[in-house]
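Please open the model in a viewer and keep the selection tool at hand.

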Amino acid sequence: MYKTLLGAPGFRKGMDLYFKRHDGQAVTCEDFYAAMRDANDADFSNFLLWYSQAGTPCLKVVTAYDAQAKSYSLKFSQVVPPTPGQPVKEPMFIPVAVGLVASNGKDIPLSSVNHDGKLETITKDGQPVNTTVLRVTKKEEEFVFSDIRECPVPSILRGYSAPIRLDSDLTDADLYFLLANDSDEFNRWEAGQVLARKLMLSLVSDFQKNEKLVLNPQFLLGVKSILCDSSLDKEFVAKAITLPGEGEIMDIMEIADPDAVHAVRTFIRKQLATELRDEFLNTVKNNRSSEQYEFNHTSMARRALKNIALAYLGSLEDEEITELALHEYKTATNMTDQFASLAALDQNPGKIRDEVLADFYDKWQHDFLVVNKWLSLQASSNIPGNIENVRKLLNHPAFDIRNPNKVYSLIGGFCGSRVNLHAKDGSGYKFMGEMVLQLDKLNPQVASSMVTVFSRWKRYDETRQNLAKAQLEMIMAENGLSENVFEIVSKSLAVSSLA
């Protein structure tokens with residue numbers, strides 16, 4: 001945020017002063033703050049609240065366009081939710097980077113903004129800017145841009161200028177427009193993520209009502225426009241077409257439903273892969289490389305895009321795609337590409353999957369870091385009933401329960417599959433309960449890390465709550481339980497008595 005407020009030159013001045021004052025010393029956040037402030041003679045009146053006030057600020061923005069006055073306003077209101085020991089919070093200093101996008105998809109040049117009854121110049125070297133940083137420091141504030149000749153679409157919080165939760169009045173149409181046109185890559189990505197979250201939550205509701213799932217054609221077109229835009233950075237494209245994870249969607253549901261979220265995310269991936277099959281195939285073919293491995297942005301971006309395309313295609317149970325993934329696996333010249341091909345093949349159970357997993361282990365069994373990735377890939381698989389495969393891997397020569405990294409890879413990796421961890425029959429909970437007790441006798445710290453998987457058990461439906469609670473009570477009843485595990489389990493169970 002300092003760099004956002006001060007710009008790169010100002011931030012460098014602050015760093016120079018910071019090292020001049022404190023090189024070789026033990027310093028505080030306040031010392032760093034003072035160096036940034038003093039080097040730039042800046043007004044950071046309530047910025048230190050970021051260090052002393054707990055909680056993430058929620059910033060709401062309401063926009064309005066006055067066609068007659070040719071002005072555009074943004075009204076901000078902020079609140080910091082109460083936290084233990086801090087029931088009342090003061091307004092934070094929030095830097096909000098903003099741009100206004102015209103109907104032609106271009107940024108509107110900005111030269112001034114009216115704030116607190118004063119007209120502030122926001123030019124740089126005498127020239128209008130496309131992005132300006134608004135300093136929101138009060139509970140409610142309004143900023144008004146003048147000489148705006150059409151109603152724009154605001155691009156708010158560009159470059160993720162502050163770690164807050166933003167609640168805007170942008171419509172889905174606005175978000176699709178930003179997804180297609182925003183010059184700020186973070187906000188372009190964020191627009192896609194917001195739309196994806198909305199779509200997934202809507203389809204989860206349909207799934208729970210036993211209604212047919214239908215992919216919004218506008219979302220499909222949005223993904224296609226990003227995928228096929230050769231002017232975009234390939235790493236950005238790879239991130240922009242990646243759907244939010246299942247855990248992220250469950251976190252924003254009142255009652256988390258792992259089965260519904262998994263079914264919906266799988267449906268969207270398969271629909272995109274089906275409808276954009278040719279585009280994904282071309283992406284894989286156009287981003288292959290038989291050249292020597294290079295560790296630079298261009299090569300990394302190319303690999304990232306090729307491999308996300310291959311992952312989408314791998315969701316299809318298709319012989320041609322299987323052959324493609326096998327070809328990519330066998331011809332890969334680096335670990336990134338080979339492991340991505342393995343992950344694509346890992347999505348569908350069967351003989352080919354088993355053979356490739358065995359081949360990979362045979363090649364890399366003497367590299368323990370690679371073997372850990374191999375264990376984690378299998379453990380986190382969403383294949384139905386994967387718990388049995390994980391139990392078999394407990395007896396594999398590559399696994400050692402006394403080795404924390406092996407435990408995190410296999411047992412911790414299993415927790416990455418929400419649909420199997422939270423299986424309605426309780427098999428995932430039972431497995432984790434058994435593992436926690438076994439680990440507690442060997443390494444209480446690792447066991448305490450594993451048992452946190454039960455800490456949010458109240459977020460699920462009653463059936464899953466009862467199954468998870470039973471495992472917590474079973475762990476609690478164990479004689480000789482370590483302090484580490486006892487503390488987490490007792491606090492988790494206390495949630496029940498307080499509810």
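The expected span of a helix is 1.5 Å times one less than its number of residues. Helices (DSSP runs of H or I, at least four residues) and strands (runs of E, at least two) are numbered from the N terminus. The model is a predicted one, in which local features need pLDDT of at least 70 and side-chain atom pairs count only at pLDDT 80 or more, while totals for chains, interfaces and linings use all residues. Residues are numbered from 1 along each chain as its sequence is written, and side-chain values use heavy atoms, with hydrogens and water left out.

**First stop: helix H15**

Select residues 368-379, which form helix H15. This helix of twelve residues reaches 16 Å from its first C-alpha to its last, close to the 16 Å expected at 1.5 Å a residue. Which residues of H15 are buried? They are Val370, Val371, Asn372, Trp374, Leu375, Leu377, Gln378 and Ala379; buried means under 20% relative accessible area, exposed over 50%, and partly exposed in between, with a 1.4 Å probe and protein chains only. Next, display what covers these residues: the cover includes helix H13 (335-345), helix H14 (351-364), helix H16 (387-393) and helix H17 (404-414).

**Second stop: the nonpolar cores**

A nonpolar core is a set of buried Ala, Val, Leu, Ile, Met, Phe, Trp, Tyr and Cys residues joined through side-chain atoms within 4.5 Å. In soluble globular proteins, nonpolar side chains tend to be buried together. Select Phe219, Ile241, Ile268, Trp374 and Ile411, which touch the most other members of the largest nonpolar core, a set of 105 residues. Helix H5 (residues 185-208) gives the most to this core, with eight residues.

Centre the view on Ile241. Leaving aside residues up to four places away in sequence, Ile241 touches Val223, Ile226, Leu227, Phe280, Leu305, Ile308 and Tyr312; a contact means heavy atoms within 4.5 Å. Then select Leu74, Phe93, Leu100 and Leu157, which are included in a second, separate core of 43 residues.

**Third stop: the strands**

Two strands pair if DSSP finds at least two bridges between them. Select strand S1 (residues 58-66) and strand S2 (residues 71-79), which are paired in the antiparallel sense over nine bridges. Within this pair, Asp66 stands opposite Ser71, and Lys60 has Ser77 as its bridge partner. S1 and S2 form a hairpin with four residues between them, and Lys70 in the turn has a positive phi of about 55°.

Which strand pairs with S1 in the parallel sense? Strand S9 (residues 165-168) does, over four bridges, and there Asp167 stands opposite Lys60. S2 is also joined to strand S7 (residues 140-145), by six bridges in an antiparallel arrangement, with Phe145 of S7 as the bridge partner of Tyr72.

Move on to the open sheet of three strands, which has the order S6-S3-S8 and antiparallel pairing. Strand S6 (132-136) and strand S8 (153-156) stand at the edges, each with a single partner strand, so one side of each is left without a neighbour in the sheet. The twist averages 35° from one strand to the next, an angle between N-to-C directions on a scale from 0 to 180 degrees, with axes fitted as lines to C-alpha atoms. Strand S3 (residues 94-101) is joined to S8 by four bridges, and Leu100 stands opposite Pro154 in S8.

Select Asp125, in the loop between strand S5 (118-121) and S6. Asp125 has a positive phi of about 55° although it is not a glycine, and it is exposed, with a relative accessible area of 73%. Then select Asn210, in the loop between H5 and helix H6 (217-227). Phi of Asn210 is a positive value near 60°, and Asn210 is exposed, with a relative accessible area of 73%.

**Last stop: the whole chain**

Zoom out to display the chain, which holds 22 helices and nine strands. Its C-alpha trace spans about 70 × 55 × 55 Å along its principal axes. Buried residues make up 48% of the 499 residues. Of the contacts with a separation of 6 or more, 67% are between residues 24 or more positions apart.
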